[in-house]
Amino acid sequence: MKRTVLILACMFMAGIACADNHWVGTWGTAPQLVEPHNNPPSPGLGNNSLRQIVQVSIGGEKVRLKLTNEFSTGATEIKGVELALAKTSGSSAEIDETSTVSLTFDGKAGVTMPAKGKAVSDPVNFKIGPRENVAITIHYGSASSTSVSGHPGSRTTSYLKSGNTTDFSGAVTTDHWYNILTLEVEAPEKAGAVAILGNSITDGRGSTTNQQNRWADVLSRRLLANEPTKQVGVLNMGIGGNCVLGGGLGPTGASRYQRDLLGQEGVKWIILFEAVNDLGGAQNGVQTANRIKDVYKQIIREAHQKGIYVFGATITPFKGNGYYSADHEKGRSTLNNWIRTTKMLDGVIDFDEAVRDPQNPEAMQSEFLFENDWLHLNAKGYETMGGCIDLDLFTKTDPLAADDEEDPGYEDAVWIEAEGMRTNTVGTAFQLVEDASVSGGKYLKTVKQTTPAPTDSACMLKADFTVKNAGTYYIYARVLCPTWDDDSYFVSIDGPLNDYIANGLQTNSWDWKELYNSSLSTGQHRLTIGGREDGACIDKICITTNATPPAGMGGTPTDIGRLFAKHLPVASVDTYTMSGIRQTAHRHGPYIEVERADDGSIVSRKLILR
């Protein structure tokens with residue numbers, strides 16, 4: 001009976017007396033499909049043993065390990081895993097034998113991860129101190145050495161030995177991690193982790209192998225030495241060669257942030273510091289910066305929904321590197337200016353200011369250069385980066401920052417997702433493409449060459465919209481038209497589709513282009529867009545009186561309701577609030593419009609105006 005009462009008391013007082021099940025990541029790495037030249041060396045993983053060293057951030061007395069097979073095409077069999085305190089931070093395979101504990105997985109010594117699968121060990125008592133080195137020894141059964149999930153940029157030596165063994169004398173060495181994902185500790189409720197989205201500068205290219213002196217390591221040591229932040233773990237989610245938007249190595253930042261940031265245990269803070277590879281390969285620096293801003297904004301919104309603070313770190317200079325051009329520098333400046341001024345971020349870390357050359361601010365200080373590539377920093381540079389971060393950011397109790405920004409000049413604009421103009425009968429000839437980096441996560445691609453103007457609704461996109469005030473209106477579209485022969489659409493407002501061709505929309509990245517402008521009277525109008533050249537992509541529409549095209553992903557889409565089978569003249573429009581009370585000021589929604597057409601029919605639809 002006493003035991004039952006105790007359990008019930010713990011249930012009712014969860015988070016107070018029994019808050020001993022709060023897991024926080026103390027070490028982690030971002031996995032990818034390992035490139036062929038970084039695959040495990042001979043004798044390979046299959047039926048052999050691998051010892052890998054990690055240095056944790058915060059300590060604890062109970063831990064669990066997560067493993068990944070996410071990018072492997074076949075199953076990976078693990079016969080056993082041990083943890084032990086390592087005697088070095090990677091320069092040898094030596095361990096404190098007396099500290100060794102064996103892990104179990106659902107009560108069993110081994111586990112087989114299916115292709116694209118993961119495994120989580122059972123919690124085990126294992127005392128580790130802050131910044132202590134932990135050896136993870138994996139004994140493999142059947143496992144591929146050519147299709148491997150791992151992290152190539154470990155900056156830490158791993159030890160591979162034939163057979164099922166704990167003797168790693170004479171082992172083959174490799175400076176990569178395989179299959180390990182995160183190490184978590186049971187911690188007090190006030191403990192939390194900061195997860196960092198980054199590329200090679202965060203991953204540590206230029207740091208010293210086996211010395212754990214990346215800028216994230218420097219930050220971790222400072223946090224631990226500071227009484228108010230000594231319970232803050234640091235999770236380095238940098239991937240060398242990674243991009244936010246596309247290309248590069250590993251899954252893009254836009255596709256992996258939910259796993260690597262929001263999916264981590266105990267995360268209370270996020271640092272966004274990834275863009276240099278996108279900017280260095282950009283064909284239009286400002287457009288690329290705006291697209292990265294859009295991804296950042298999405299991350300911020302989702303993080304705020306979980307109560308997580310998000311800090312932006314300015315992009316370090318790279319003049320002198322092959323990435324540099326005046327256009328690329330303009331993109332870096334655009335992104336950094338936004339990071340410094342936006343009201344959406346909860347804080348700013350100004351790496352650019354910390355490492356740039358005061359006499360040549362587009363380049364970093366020469367004393368920080370790694371191999372004179374003018375992009376990556378050496379250990380001294382990383383010490384400076386980790387040392388410039390205000391630790392008070394991690395003691396914030398302020399309300400979360402804004403989830404969106406005002407878009408000056410577009411307060412009354414109508415925003416339409418292109419995919420929302422495609423129905424079961426209209427626009428079906430347009431290919432619907434899913435892409436996490438675009439507005440709404442989807443866009444439409446023209447797949448049929450159509451000349452003259454199409455008459456089939458399958459090759460058209462239609463939307464009805466209402467003009468409250470007569471004037472000149474501009475129709476902008478967020479498009480991607482890579483070549484001169486896939487950069488046009490037929491466009492009309494209230495008229496035949498073949499009246500006008502919007503041509504010359506060519507752009508190598510998503511950008512807003514003007515499709516049409518016209519003087520419109522008060523009342524309802526119909527926008528029709530017809531496919532003309534295959535390969536043209538369209539993401540979003542903006543209808544506005546602003547003569548300047550929007551930037552980024554634009555504003556919140558307007559719910560334009562259903563598309564009408566035929567365009568009827570509107571005799572009157574009555575507007576009501578959702579509760580049925582008449583609304584006379586239409587600037588903000590939501591509200592209900594009831595349209596009474598000349599033929600007596602009534603159509604009701606919900607609209608949401610900014």
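I looked up H4 (residues 253-262) and H6 (residues 285-305) in this predicted model. They pack at an angle of about 30°, with axes 11 Å apart. Axes here are lines fitted to C-alpha atoms, for helices over the stretch in contact, and angles run from 0 to 180 degrees between N-to-C directions. The angle makes H4 roughly parallel to H6 (under 35 degrees).

Next I listed the contact residues (heavy atoms within 4.5 Å). H4 supplies Ala 254, Tyr 257, Gln 258, Leu 261 and Leu 262. H6 supplies Val 295, Gln 298, Ile 299, Glu 302 and Ala 303. I sorted them into 7 nonpolar, 2 polar and 1 charged.

I numbered residues from 1 along each chain as its sequence is written. The model is predicted, so local features need pLDDT of at least 70, side-chain atom pairs count only at pLDDT 80 or more, and totals for chains, interfaces and linings use all residues, while side-chain values use heavy atoms, without hydrogens and water.

Then I turned to H3 (residues 215-225). It has 8 of its 11 residues buried, so H3 is largely enclosed by the rest of the structure. Buried means under 20% relative accessible area (1.4 Å probe, protein chains only). The buried residues include Trp 215, Asp 217 and Leu 224. They pack against strands S16 (192-198), S17 (232-238) and S18 (267-273). Helices H2 (200-203), H8 (351-355) and H9 (379-387) are also packed against by the buried residues of H3.

Last, I checked the whole chain. Of its 610 residues, 57% count as buried.

Notes
Buried means under 20% relative accessible area, exposed over 50%, partly exposed in between (1.4 Å probe, protein chains only). Helices (H or I, at least four residues) and strands (E, at least two) are DSSP runs, numbered from the N terminus. Angles under 35 degrees count as roughly parallel, over 145 as roughly antiparallel, 65 to 115 as roughly perpendicular and the rest as oblique. Ala, Val, Leu, Ile, Met, Phe, Trp, Tyr, Cys and Pro count as nonpolar, Asp, Glu, Lys and Arg as charged, and the others, Gly among them, as polar.
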